[in-house]
Amino acid sequence: MPTPPMLDLTRAQEFAVQAGQLRELVVTFEQSLAQEMANIQAGLAAEDALKVEYALHALKGFMPLFAAEPLSQAMTDLYQSSREQPLDEVIPKFTALVPNLNLLLAEVRTWLAPL
């Protein structure tokens with residue numbers, strides 16, 4: 001069974017009223033997604049719960065514009081967990097999402113490539 005797409009630009013297109021704006025939004029998202037994933041990995045490695053929470057907050061904020069609903073909701077849930085649970089309980093939840101986040105990043109880069 002094929003994996004459903006992680007990228008969903010439906011909501012982002014509502015913000016892109018002028019030609020070229022959608023691409024600008026997606027470029028910014030690609031940079032932010034890569035950076036925040038790196039920040040989370042660094043925060044986990046350093047056992048810095050606050051760094052992880054901040055990065056998850058950033059991801060949670062823009063994920064609904066660019067990601068399919070299941071991944072967007074999973075990110076919102078993960079952020080909430082990071083605020084309520086110890087870091088050692090958040091780590092496996094984040095680790096479980098990494099393949100989907102990497103797939104999302106790959107889909108974003110594929111979308112950007114021909115433009």
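These legends describe close-up views of helix packing and of aromatic contacts in a predicted model. Residues are numbered from 1 along each chain as its sequence is written, and side-chain values use heavy atoms, without hydrogens or water. Because the model is predicted, local features need pLDDT of at least 70 and side-chain atom pairs count only at pLDDT 80 or more, whereas totals for chains, interfaces and linings use all residues.

**View 1. Packing of helix 3 against helix 5.** Helix 3 (residues 49-66) and helix 5 (residues 87-112), both DSSP runs of H or I with at least four residues, pack at an angle of about 35° with their axes 13 Å apart, the axes being lines fitted to C-alpha atoms over the stretch in contact and the angles running from 0 to 180 degrees between N-to-C directions. Contact (heavy atoms within 4.5 Å) is made by A49, V52, L56, M63 and F66 of helix 3 and by L87, V90, L101 and L104 of helix 5.

**View 2. The edge-to-face pair of F29 and F62.** The rings lie 5.2 Å centre to centre with 85° between the planes; rings of Phe, Tyr and Trp (its six-membered ring) pair if their centres lie within 6.5 Å, and planes under 30 degrees apart count as stacked, over 60 as edge-to-face and the rest as tilted. Because F29 lies in helix 2 (residues 21-45) and F62 in helix 3, the pair ties together parts that are 33 residues apart in sequence.

**View 3. The stacked pair of F29 and F66.** Here the ring centres are 4.3 Å apart and the planes 15° apart, and F29, F62 and F66 form one aromatic cluster. F29 is buried (under 20% relative accessible area, with exposed over 50%, partly exposed in between, 1.4 Å probe, protein chains only), at 2%, and F66 is buried at 3%.

Key
Helix = DSSP H or I, 4+ residues; strand = E, 2+ residues; numbered from the N terminus.
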